[in-house]
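Here's a quick briefing on how two chains meet and what sits inside. Have a look at the model first.

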Amino acid sequence: MSNKEKEPLFSAKNLKLLTGPLNQNNPITVQILGICSALAVTAKLKPAFVMALSVTVVCAFSNLIISLIRNTIPSRIRIIVQLVVVAALVILVDQILKAYVYDVSKQLSVFVGLIITNCILMGRLEAFALGNKPWQSFLDGIGNGMGYGLILIILGFFRELLGAGTLWGYRIIPQSFYEAGYVNNGMMLLPPMALILVGIIIWIHRSKNKSLCEK
Amino acid sequence: MKSLRNYIDKIKPNFEKGGKYEKFHSTFDAFETFLYVPDTVTKAGSHIRDVIDLKRTMFVVVVALLPALLFGMYNVGLQHFAAMGVADAGVMQCFWHGFVKVLPIIIVSYVVGLGIEFIFAQIRHHEVNEGFLVSGMLIPLVMPVDVPLWMVALATAFAVIIGKEVFGGTGMNVFNPALLARAFIFFAYTPYISGEKVWISGLSKGEGIVDGFSGATPLTEIANALADKASALSFSSTPIDWFLGTIPGSIGETSFIAIMIGAAILLFTGIASWRIMLSVFAGGYLMGLIFNCIGANIYMDMPAYYHLLLGGFAFGAVFMATDPVTAAQTNTGKIIYGLLIGMFAVLIRVVNPGYPEGMMLSILFMNAMAPLIDHYVVESNIRRRMKRMNVASK
C-alpha cells in the first residue's frame, strides 16, 4: 500500500464523483429519488436554496463519517447506525437554521427533519459510503447534494418567477405587466405543478441524453 | 372544386419522399385528407370496411356540439343585455353580440392547439391526427365568456402538450384535453373562472349594470345561501330557465335542451356510448336521492333532479364523460365509470363548498381510474369463466 503512488485529490475519477450526479446520474431526474421534498419546498427560491444547502451538508458529512467507520459497523445493524449519524447531523443543521435564518426554517418546517428519511441519503450511504474511502465518499456526498440542489433551484426559480412574479423575495415582473392584464399563475405554487415541472425537466434531460432513454 | 383537386394533385409530388418539401409531408397530408377522402387502402392485416374513420367521427361530434354552441352564443348576448337593462334586444342582436364574443375564443383555441399538433407531427414524422377538431371546440364551450384570450391560449397549450403529446398524441391521452384546459385555468387563474362576475360579458368591467343584478350562476347562488346560513334556497331563475338555458354559466353548458339535441345525434350515429351517458345521469340522480335521505342542510334537501339540470352536469355527461379514449372500455366498466362520475360530481358539489361545480374534477378523477375499473372487470370475467370450466371438468 505504502509504496503505491498516492492518487491526487482531484483525479479524473474523483471529479467524476462530483460531476456525475449533476447530469448523467442525477438523483432526482435519473434515479427519481427525493421527489417528496423537491415538490414541497420549492414554491419559493430561498427555501429551495437553503434546503439544497442543508441536504448537501448532511449528505457529505454523513457519507464521510460512515465511510470512516465502515469497517467497524456490523452489517446486521448498519441501517440503524446510518440513521443515528444522519439524525445527529440533521439536528445540527436544524438548530443552525433556527438560529440564523428563522423565517426560512419556519417555511421549511417539517421537511428539514425529514431529511433523515430522504432516499438520496440512505441510497448513497448504502451504495457508496459503505464500500469506499472517506475522501471519495465525501466528494460523492457533495456531488449528490448538488445534483439534488440543482433541480431544486431550477424548480424554485420557475415556480417563484411564474407563480409570484418575484425571485428571492424581490419583484421581478414589473407592475406595468400586471396593469396590462398579466396574472400570476397560481398553479405554480401548488405541488402538483412542481411534479409536472420535474416531468418536463426529465423530458428535456432525456431528449439531450439518448443513453438515458429506456428501451 | 375540381380545380382544387387538380392543384393538390399537382403539388403532391413535392411532399412525397425525395420531393423538395418532404419535411412538410405530415402537414400536407393533414390538409389533403381533411379536404378529400383519402384514396389509400389498407394492404395487410384485418380489413374492417366502414365509411366512418376518425375524421368523420370527429366531424359528427362537432356537428353535435353546434346546438350548444349556437345557443351559447345567443345566451351570451341575452345575459349581457339583461345585465345592461336593455329590454328590447332582439334575437339576432343577442346572437350577434355573443358571436363576436365567442368567435375569438374558438379561433385562439384552434390556432394554438392545431399549431402544436402540427409541430409535434412534423418532429415525430406522424400524421396529424384529427382529435383536436373536437377538443378545440370543447375548450371554448367550457370557458366563461369573459376569460382573457391569452389564458385560453396557455391552457390549450398546456392541455395539448402535457395532456396529450407527452403520452403519445391522439388516442393515448389519459385525461380529457378540454377538461384539462379548464382545470388549468381553474387552478392557475381561479378568479377568472369562478365567482359571480365572469359569466356575463362586460360584467367584470362593471359597465352600466342594472341595480341588484348579480350575475351569479344557480350553483353560486346555492353556495352563497349556504355561506349565509339561509333557511331556504332561493333562485333568481326557475327550473324551466335551466332546461332552456337562459341562465349565466360557461358558454356551452347552460342549455339542457341544446345538449340533449347533441346527445341524440351522438347516440343515433352510435358514436357515444349510451351506457356511459345514462349511467352518469343515473349516478347523479341517485346521489341526489341519497342526500335527500340524509337531509343535513338545505342543499341536501334540494330536489335530486335539479342537479342534472344545473351547471355543467349535462354537458359533461354527454360530451366529456363519453370521450372514447379516456373512458372505460368494457361494457360493465362503462356503467361503473358513468355511475361514479355522476355520484362524485354531486358529492363534490354538496359536500365541498369550495367547489360549487364538481363535474370537471369528477370526470378527470374517473379518467384516471378508468384503466383500473377495466382491469377488475376483465379479471372478474376471467375468474367467472375459470370457475365454470372447473365445474364442468369435475
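Eight residues of chain B are in contact with eight residues of chain A, where contact means C-beta atoms, placed from the backbone, within 7 Å. This is a predicted model, so local features need pLDDT of at least 70 and side-chain atom pairs count only at pLDDT 80 or more, while totals for chains, interfaces and linings use all residues. Residues are numbered from 1 along each chain as its sequence is written, with chains lettered from A and ligands numbered from 1 in the order written.

**Where the chains touch**

**The core**
- The largest nonpolar core has 140 residues, and those touching the most other members include Val58(A) and Phe184(B).
- A core here is a set of buried Ala, Val, Leu, Ile, Met, Phe, Trp, Tyr and Cys residues joined through C-beta atoms within 7 Å; buried means 20 or more other C-beta atoms within 10 Å of a residue's own.
- Helix α3 (residues 54-84) of chain B supplies the largest share of this core, twelve residues.
- Leaving out residues up to four places away in sequence, Val58(A) touches Val86(A), Leu89(A), Val90(A), Val93(A), Ile115(A) and Leu121(A).

**Chain B overall**
- Chain B has 15 helices and zero strands.
- Of its 394 residues, 42% count as buried.
- The C-alpha trace of chain B spans about 75 × 75 × 35 Å along its principal axes.

Conventions: Buried ≥ 20, exposed ≤ 12 C-beta atoms within 10 Å, placed from the backbone. Helix = DSSP H or I, 4+ residues; strand = E, 2+ residues; numbered from the N terminus. Contact = placed C-beta atoms within 7 Å.
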